[in-house]
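Keep the viewer open as you read.

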Amino acid sequence: MTTVNQPLILAVDDEASNLQLLRQILQGHYRLRFAKDGPRALELAREETPDLILLDVMMPGMSGYEVCAALKADPALAAVPVIFVTALNDTADELEGFEAGAVDYITKPVSPPIVRARVRTHLSLVRMEELRASRLEIVQRLGLAAEYKDNETGLHVIRMSHFARILGLAAGMTEAEADDLLHAAPMHDVGKIGIPDRVLLKPGPLDADEWQIMQGHALIGAEIIGQHDHGVLALARNIALTHHEKWDGSGYPNGLAGAAIPLEGRICAIADVFDALTSVRPYKKAWTEEEALDFLIKQKGRHFDPVLVDLFLEQMPAIRAIRTRWAEQEPVPAPIPAAA
């Protein structure tokens, strides 16, 4: 018995007997839809996006390769995994299938255990990717939640995250490492959630007691994110904990100095300060770009890693492009509180 929560598989083959065999193999475990030609397959896929498509290659009118190409050209369907199920078993045929965008290739006559195993494997990969995307979105939105307390547009975390990615690449990070930095950086000030508004939103300088309270946001942020062995959350924790450390050891919360400060913390320190200086805050007007860059230069070897400052200056065309794209706009209205 199938339910609406089960994955939907679309099987496409011009031979009714082959579709009947796939039904026998997969029924009870998945929801199934069937098409006997390419145009009908595309029609069904657009009616309800399948979780996976089993696709014959040799069909009259529109071949499986052509169907696959049409699927990959449709943004709404491009991510759906396609497994070719075909009697073609030459290496060149298999290569053509992968080049068309398929994730796997099963030859006929099919083995029921093999079909079930391949389907299960690729559906698991889809679920893992969905989970990863959901975790990233949660990380980013939690970062925005903190930012909304003292910057109603939430654009600071977007800009500084892109600045960090640009600087990370310039510092030698791989594309994957820089992308992780982009996704983790929005959490840098998540600890501000735990700072009282009387301190966070004070329109003037903080006194000594208030400043001590404000400094606590680094440790609060690390506690909120928690301990993780690896991945974006581990990176986010390091950033939250170390982006206020200073090159000369005068920062907080742990007084780290030089290379003892993780690279991601040193990068985000520059990205965060530059954007904060050039943005309006409750306690100050926006600095000009020239003034902010002059501050970075004067703080080389004191607040900031001197090598990273030089790299940041070299990336100013890309930095300016981000500032233009994510320029300050009218404040977003605060969400309406839920009824008590």
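Predicted model: local features only at pLDDT ≥ 70, side-chain atom pairs only at ≥ 80, totals over all residues.

Residues are numbered from 1 along each chain as its sequence is written, and side-chain values use heavy atoms, with hydrogens and water left out.

A pair of aromatic rings is described by the distance of the centres and the angle of the planes. Here, rings of Phe, Tyr and Trp (its six-membered ring) pair if their centres lie within 6.5 Å; planes under 30 degrees apart count as stacked, over 60 as edge-to-face and the rest as tilted. The structure holds eight aromatic pairs. In one of them, the ring centres of Y65 and F84 are 5.3 Å apart and the planes stand at 80°, so this pair is edge-to-face. Y65 lies in helix α3 (residues 64–73) and F84 in strand β4 (residues 82–86), so the contact ties together parts that are 19 residues apart in sequence. Helices (H or I, at least four residues) and strands (E, at least two) are DSSP runs, numbered from the N terminus. Together with Y105, the residues Y65 and F84 form one aromatic cluster.

How is the aromatic pair of W211 and Y252 arranged, stacked or edge-to-face? The pair is edge-to-face, with 6.1 Å centre to centre and 85° between the planes. It links distant parts of the chain: W211 sits in helix α9 (residues 208–215) and Y252 in the loop between α11 and α12, 41 residues apart. W211 counts as partly exposed because its relative accessibility is 41%, while Y252, at 11%, counts as buried.

Y252 also leads us to the backbone. The peptide bond from Y252 to P253 is cis, with omega near 10°, and P253 is placed in the loop between α11 (232–242) and α12. Another cis peptide bond joins K108 and P109, with omega about -5°. P109 is found in the loop between β5 (104–107) and α5 (112–147).

Now for the charged residues. Side chains of opposite charge can pair when their charged atoms come close. With a salt bridge taken as a side-chain nitrogen of Lys or Arg within 4 Å of a carboxyl oxygen of Asp or Glu, a search of the whole structure finds 18 salt bridges. One of them joins the side chains of R159 and D275 (2.5 Å, N to O). This pair links distant parts of the chain, with R159 in helix α6 (residues 155–170) and D275 in helix α12 (residues 263–277), 116 residues apart. Are these two partners buried or exposed? R159 has 3% relative accessibility and so counts as buried; D275, at 1%, counts as buried too.

At 48% relative accessibility, E175 counts as partly exposed.

A further salt bridge is formed by D310 and K300 (2.8 Å, N to O). D310 is in helix α14 (residues 306–314), and K300 is in the loop between α13 (289–298) and α14. Both ends are partly exposed: D310 at 33% relative accessibility and K300 at 31%. Elsewhere, salt bridges that share partners join D13, D56 and K108 into one network.

What about covalent links between cysteines? With a disulfide defined as a pair of cysteine sulfur atoms within 2.5 Å, the count comes to zero. Among the cysteines, C68 is buried at 0% relative accessibility, and C268 is buried at 0%.

Conventions
Buried < 20%, exposed > 50% of the residue type's maximum accessible area, 1.4 Å probe, protein only.
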